[in-house]
Amino acid sequence: MKRFGVKMYYFKMLLWISIAILLVVVLLSAVVGINTRKLLVKNEYVSNQKILYQVKYNMAFMDDAIASLCKSLYLNSDVDAVMYAKQEDMVDVANRLNKVTSSITSTNAYIHSLTIYNRHLNQTYNAGSPLFFEDQMIDALNRSEQLPPKMEPIFRDIRKLVNGESRPERVFSYFMYETSPEDLKPEGVIVINVRAEWLLDNIRQINMIDKRKGDTIFLLDQSGEYLAEGSGDNGIMQALKTDFVDYQADHPNGDPDGFFQSKHGGTEYLVTYSTIESAGMTLLKAQPVEEVYRSIASLRASLILITLLTLLLALVLSIVISRRIYRPLGNLVNAVKRDRLRGTGEDEAVDEISYLNAVYRQSMEELDLFYKEKHDNKDLMKHYWLRRLLDERLAISREELASLFKEMRISLSPAGTHAVCLLKIDNYKEFQQAFNARDKEMFRFAILNIASETVAQSFPNEGIDMKEDHVLLLVSVPDRDGAYAAELARLLAEAQDHFSRFFKVTFTASISGHTDEISGLHALYNQTLDLSMYRLHLGHGSLITHSRVRRNVENKKAGYPKELEEWFAETIKSGNVAGMKEVLANLFGEMETLNYHNALVSIIRLFDTAVEALDEASISPAPSLQIASFGRHVMEKETMAEIHRILQGGLLDSINKETAENTDTLNDFVVDAVTEYIHNHYRDLSLSLPSIAAMMKISSRTLSRIYKQATNLSIADMINDVRLSRAAELLLQEDLSVNEVVQRVGLTNETYFFSLFKKKYKVTPKEYALQRNLNKIN
């Protein structure tokens with residue numbers, strides 16, 4: 001890659017500062033423009049509402065005036081005489097109606113007509129209108145159970161007759177009547193009809209105010225129909241009505257007053273509406289949006305000019321700021337280039353920062369390597385001297401020892417009292433087969449780390465990896481009377497619990513006595529080795545101290561009683577399985593009280609007795625009891641419980657003649673043979689349960705049951721586990737691609753391998769190799 005140019009980072013800095021200022025200015029201008037539009041719309045809405053409120057006020061004034069008039073006429077003596085007359089006198093009615101009509105029309109020009117209904121005569125009288133008409137609502141009073149509301153405007157068409165032709169006559173009608181509890185029908189009704197033109201003329205006069213701007217006011221009745229034609233453009237009127245209905249449907253809980261935008265014929269309109277609740281009508285005011293936003297045009301030009309001037313100023317300001325910021329960086333780059341030899345990473349640099357990063361990375365790698373070598377050497381020397389402390393030939397004064405401990409950062413006290421703890425991995429044979437060398441080293445490190453940190457809560461200590469199957473803790477204890485042993489045992493039990501839960505592996509801990517001299521550590525180490533042998537008696541995951549096995553160590557008995565041995569032989573010869581199990585349990589109970597060496601000899605003697613009894617009974621011993629497999633299947637076992645299980649299982653197999661089909665006892669010989677075969681032939685693509693069963697002359701079903709009972713794993717799972725362990729080892733030890741690793745471990749499907757690997761190790765093969773390499777570096 002081409003090396004970075006002169007002041008490349010300076011130009012980047014200048015560019016980014018300019019872009020940042022540009023974005024801020026553009027964003028602010030956009031915010032100002034948007035807020036201005038919103039403010040103009042809001043102000044226009046407020047102005048429109050004032051106009052609509054004026055119309056609403058006129059209607060409210062009319063409503064109050066007519067309501068008062070209704071009350072006055074209802075109490076008028078002339079109206080009362082007409083409304084409740086028992087006999088009809090047309091001359092008297094005409095005089096009285098003319099008198100009433102002249103009094104109200106002279107002062108109220110908007111009164112259209114007056115209707116009086118007399119129920120006694122079932123007669124309707126009309127006055128004020130130039131022609132008589134039939135009032136259908138009055139006629140329906142006797143036929144309907146629902147009466148019209150009192151003194152509320154009802155918009156209706158009374159259909160007047162002109163030259164024999166019926167024409168629409170729109171009025172607002174106010175009804176006034178009274179009813180009694182006994183009779184819900186009114187005795188008389190007075191109706192005042194108000195000219196609709198009076199209100200429509202009021203609206204037309206308001207429309208003329210902004211007619212040149214295209215503003216128009218419309219009035220919708222209770223059924224949503226127009227009361228005035230407004231601009232006369234029926235297309236706009238229908239579009240506004242449709243949009244208003246849709247807006248109400250979308251906002252069912254909206255306010256009675258508000259605004260929205262509508263579009264018709266390519267023109268957008270700002271529609272302001274106001275509901276006249278008392279009359280059930282709605283006022284609509286429509287105006288072109290472009291008229292509302294006309295004042296924004298000049299503002300937009302001003303904003304553009306301000307933005308351009310700001311950008312020019314920003315460019316100048318960016319140059320000044322960039323130079324000041326870049327100056328120290330430029331001086332640093334020049335100083336580094338002068339004082340440092342050219343490295344390999346410099347060819348990858350594209351600017352000053354990447355160049356400094358490459359130089360820094362190279363320097364840190366060199367520094368890390370230096371510290372790592374120093375740390376490794378120190379750890380190596382520390383481990384060397386800890387191992388030397390166990391050497392009985394080590395002769396060194398306390399002063400030299402104190403200086404050595406300080407230099408090597410050993411936390412033990414040179415003049416204190418010390419004890420040794422031996423931590424031994426359980427089931428070591430299976431442990432060796434299941435894990436590669438790196439994993440085994442990791443497990444030993446984990447045991448040391450967990451145990452050391454746990455014990456450090458009360459006692460300073462140092463750990464030593466003795467390789468093989470155990471590790472050591474050298475512990476500084478506070479006293480010489482052995483009182484520390486209980487606390488130390490508690491802490492080690494806590495470490496055992498943590499380790500087994502996280503790693504699914506157990507270890508047995510042995511705690512020595514104490515010594516006042518560093519030279520006595522060698523003897524304590526040998527003591528813990530002897531104590532660890534008693535895992536045979538106490539089992540896996542046990543805590544072994546001298547006090548716990550004292551009775552075994554001091555037991556002088558050479559073996560179990562002779563009579564038990566004879567009883568055991570007789571039960572074998574007679575085929576008494578229940579008796580054989582009982583006496584065998586008694587024999588192992590006796591051996592658990594012996595010291596380690598006598599117990600081991602007694603186990604061998606017991607196996608010889610069992611084989612001799614089988615021979616005398618002419619019974620062929622099971623494979624696990626044969627001399628050739630005795631060392632592999634018996635002497636390698638770490639606890640008496642395991643040996644008891646093998647001996648009892650072998651005897652049951654021998655006596656019942658059903659080694660695989662009719663017993664739940666594990667066949668260790670078959671299990672070990674299968675495991676060994678898998679470890680030797682995992683590269684074979686055809687390796688499977690059927691192929692192994694055919695090789696061993698055993699049915700697949702029987703072999704699968706035996707192996708599953710012994711290991712809690714199917715043979716297929718064991719094959720995959722061995723292949724994955726070997727694949728993990730190859731990923732770390734050799735520079736191979738994933739596809740090459742897949743082929744080397746006997747798999748053909750790379751996707752299947754990825755799935756198995758991630759399921760076991762929780763990471764992909766590449767991530768596994770990367771993590772382990774990083775851990776190795778750290």
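Predicted model: local features only at pLDDT ≥ 70, side-chain atom pairs only at ≥ 80, totals over all residues.
## Strand pairing around E6

Two strands pair if DSSP finds at least two bridges between them. E6 spans residues 170–177, and seven bridges join it to strand E7 (residues 188–195). The two run antiparallel, and phenylalanine 172 has valine 194 in E7 as its bridge partner.

E6 is also joined to strand E3 (residues 154–157), here by four bridges and again antiparallel. In this pairing, arginine 170 of E6 stands opposite aspartate 157. E6 is mostly covered, with seven of its eight residues buried.

Helix H12 takes in residues 437–455, 19 residues in total. From first C-alpha to last it reaches 27 Å, close to the 27 Å expected at 1.5 Å a residue.

## Two loop residues with positive phi

Most residues other than glycine have a negative phi. Serine 618 has a positive phi of about 55 degrees; this serine sits in the loop between helix H19 (596–616) and helix H20 (627–635). Serine 618 counts as exposed because its relative accessibility is 69%, and the cut-off for exposed is over 50%.

Asparagine 712 also has a positive phi, near 60 degrees. Look for this asparagine in the loop between helix H24 (700–711) and helix H25 (715–733). At 64% relative accessibility, asparagine 712 counts as exposed too.

Conventions
Residues numbered from 1 in each chain as written. Heavy atoms only, no water. Expected span 1.5 Å × (residues − 1). Buried < 20%, exposed > 50% of the residue type's maximum accessible area, 1.4 Å probe, protein only.
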